[in-house]
Amino acid sequence: MVRARGLSRTYGDGAQAVHALREVSFDVAPGEMVAVVGRSGSGKTTLLNLVGGLDRPDAGTVVVDGTDVSALDDDGLSRLRRESVSYVFQTFGLLPVLTAAENVGVPLRMRRTPVAEREQRVALLLDLVGLREHAGQRPGELSGGQQQRVAIARALAASPRLLLADEPTGELDADTGRAVMALLRALVESEGVTVLVATHDPVMMSLADRVLRIGDGRLQP
């Protein structure tokens, strides 16, 4: 599902340059859940951004589901993010004026999915994340854990092949974080989605099929 070769990314120039990634290579198999582990500033977010096309490498290539992401133009990147890759961020990123159901349905509206099909998919996903009874509530009426569950459901709405999660439990308390992580693990199995998650949480690591450790922009043995 993911094949990265020699990924490098530097921000800034000269003495102020920050080498966020240095010649990183790895593979992720379809249906695998891989945790990317490292301290703050180690390169985890940069790695996810390069895989998902939110940023471009200075060197190297990344192929997602057979598509060379590093070679796509802006339209191609938009299509990739609309059709194949979804994101879950630490800060949820929900639209405050929309209900939980409406937030989940946003990717389907963008794809012009017929209303009946969209509503059926939204209802299924809210069931999967345990929020059917909260479908009509707005983000401000939900707890942090509930908001993250809505964000996960939204990320899965368009049936992506790859889910990128950047510290998805960073804003949650320990118990809620564990519940969200267990949900991600269950969704990997029920939806067949591949997950690459940046985390420093040991529980998340234990739920992953494999751990990639990164430090100073390099993969560690």
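**Reading the spaces and helices**

Modeller: In this predicted model, the lining of the largest pocket takes at least two residues from each of α2 (74-83), β6 (85-88), α3 (100-110) and α5 (144-156).

Colleague: How do you know which residues of α2 are buried, and why are they placed on the same side or on opposite sides of α2?

Modeller: A residue is called buried when its relative accessible area is under 20%, and in α2 the residues G76, L77 and L80 are the buried ones. They cover an arc of only 100° around the axis, and therefore they sit on the same side of α2. On the other side, D74 and D75 are exposed, a word kept for a relative accessible area over 50%. Strand β6 is included in what covers the buried residues of α2.

Colleague: What makes D73 a cap for α2?

Modeller: A side-chain oxygen of D73 lies 3.3 Å from the backbone nitrogen of D75; a polar contact needs an N or O pair within 3.5 Å, and with that distance D73 caps the N-terminal end of α2.

Colleague: How many cavities does a search of the whole structure find, and what lines the largest cavity?

Modeller: With a cut-off of 30 Å³ or more, the search finds two cavities. The largest holds about 40 Å³ of space and is lined by L48, N49, Y87, V88, F89, L164, A165 and D166. Strand β7 has the largest share of this lining, with three residues, and by class the lining of the largest cavity has six nonpolar residues, one polar and one charged. The second largest cavity also has a volume of about 40 Å³, and its lining includes L50, P57, V62 and L77.

Colleague: How do you know whether R185 is buried or exposed?

Modeller: R185, which belongs to helix α6 (residues 174-191), has a relative accessible area of 14%, and because the word buried applies under 20%, R185 is counted as buried. Its side chain makes a polar contact with the side chain of E189 at 3.4 Å, a value that falls within the 3.5 Å cut-off. Leaving aside residues up to four places away in sequence, R185 touches M33, L207, A208 and D209, where a touch needs heavy atoms within 4.5 Å.

Colleague: Which residues of α3 are buried, and what do the buried residues of α3 pack against?

Modeller: Under the 20% cut-off, the buried residues of α3 are A100, N103, V104, G105, P107 and L108. They pack against α4 (115-128) and α5, and P107 is also one of the residues that lie nearest the centre of the largest pocket. Just after α3, R112 takes a positive phi of about 60°.

Conventions
Residues are numbered from 1 along each chain as its sequence is written. This is a predicted model: local features need pLDDT of at least 70, side-chain atom pairs count only at pLDDT 80 or more; totals for chains, interfaces and linings use all residues. Side-chain values use heavy atoms; hydrogens and water are left out. On a 1 Å grid over the protein atoms alone, a cavity is a set of points where a 1.4 Å probe fits but cannot get out, and a pocket is an open set with protein on both sides within 12 Å along at least five of seven lines; lining residues have an atom within 4 Å of a point. Helices (H or I, at least four residues) and strands (E, at least two) are DSSP runs, numbered from the N terminus. Buried means under 20% relative accessible area, exposed over 50%, partly exposed in between (1.4 Å probe, protein chains only). The arc is that of the directions from the helix axis to the C-beta atoms. A polar contact is a pair of N or O atoms within 3.5 Å; within protein, one must be able to donate a hydrogen and the other to accept it, and residues adjacent in sequence count only if both atoms are side-chain atoms. Grid points are joined across faces, edges and corners, and a volume is the space filled by probe spheres set on the points. Ala, Val, Leu, Ile, Met, Phe, Trp, Tyr, Cys and Pro count as nonpolar, Asp, Glu, Lys and Arg as charged, and the others, Gly among them, as polar.
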